[in-house]
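Hi everyone, thanks for making the time. Please have a look at the model on the screen, and then I'll walk you through it.

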Amino acid sequence: MFGLGKKRSKLGKWIDKRGISQTWLAKKSGVNRNTINELTSGDTERAPTIRTVKKILNALKEVDPNVKPDDFFDI
C-alpha cells in the first residue's frame, strides 16, 4: 500500500487509495516527479500552477473521468 505512515494531501490520499504511484502520475502527466512529491505530501502549502493542475487531471482522468480540480486543490 502506498503512503503508509506519511502525511498526505487530498491528491496523495486519492492516488494511494487507488494504488497509483507517484512515478506513474509523473510519467503520465509530464509533471516533474519532485513536483508530484510536493503536491501529494501533506507537509507543504505549495499551490500548483493551472498548467500543472491540467496536466495532472488529464492523467487522472484515465483512472476516473469525473475528477475535478477542487477534488484535490484549493483553487
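Let's begin with contacts, meaning heavy atoms within 4.5 Å. Of the contacts in the protein chain with a separation of 6 or more, 52% are between residues 24 or more positions apart. Before I go on, a word on the source: this is a predicted model, where local features need pLDDT of at least 70 and side-chain atom pairs count only at pLDDT 80 or more, while totals for chains, interfaces and linings use all residues. Residues are numbered from 1 along each chain as its sequence is written, and side-chain values use heavy atoms, with hydrogens and water left out.

Now the fold elements. The protein chain has four helices and zero strands, so its order from the N terminus reads α-α-α-α; helices here are DSSP runs of H or I with at least four residues, and strands are runs of E with at least two.

How does the radius of gyration compare with a compact globule? The protein chain has 11 Å, which agrees with the value near 11 Å for a compact globule of 75 residues. That radius is taken over C-alpha atoms, and the globule rule is 2.2 Å times the number of residues to the power 0.38. Along the principal axes, the C-alpha atoms fill a box of roughly 30 × 25 × 20 Å.

Of the 75 residues, 40% are buried, that is, under 20% relative accessible area.

Rings of Phe, Tyr and Trp (its six-membered ring) pair if their centres lie within 6.5 Å; planes under 30 degrees apart count as stacked, over 60 as edge-to-face and the rest as tilted. By this rule there are two aromatic pairs. One is Trp-14 with Phe-72, edge-to-face at 5.4 Å centre to centre and 80° between the planes. Trp-14 lies in helix 1 (residues 10-17) and Phe-72 in the segment after helix 4 (50-60), so this pair ties together parts that are 58 residues apart in sequence. Phe-72 also pairs edge-to-face with Phe-73, at 6.1 Å and 70°.

Together, the ring pairs link Trp-14, Phe-72 and Phe-73 into a cluster.

Key. Buried means under 20% relative accessible area, exposed over 50%, partly exposed in between (1.4 Å probe, protein chains only).
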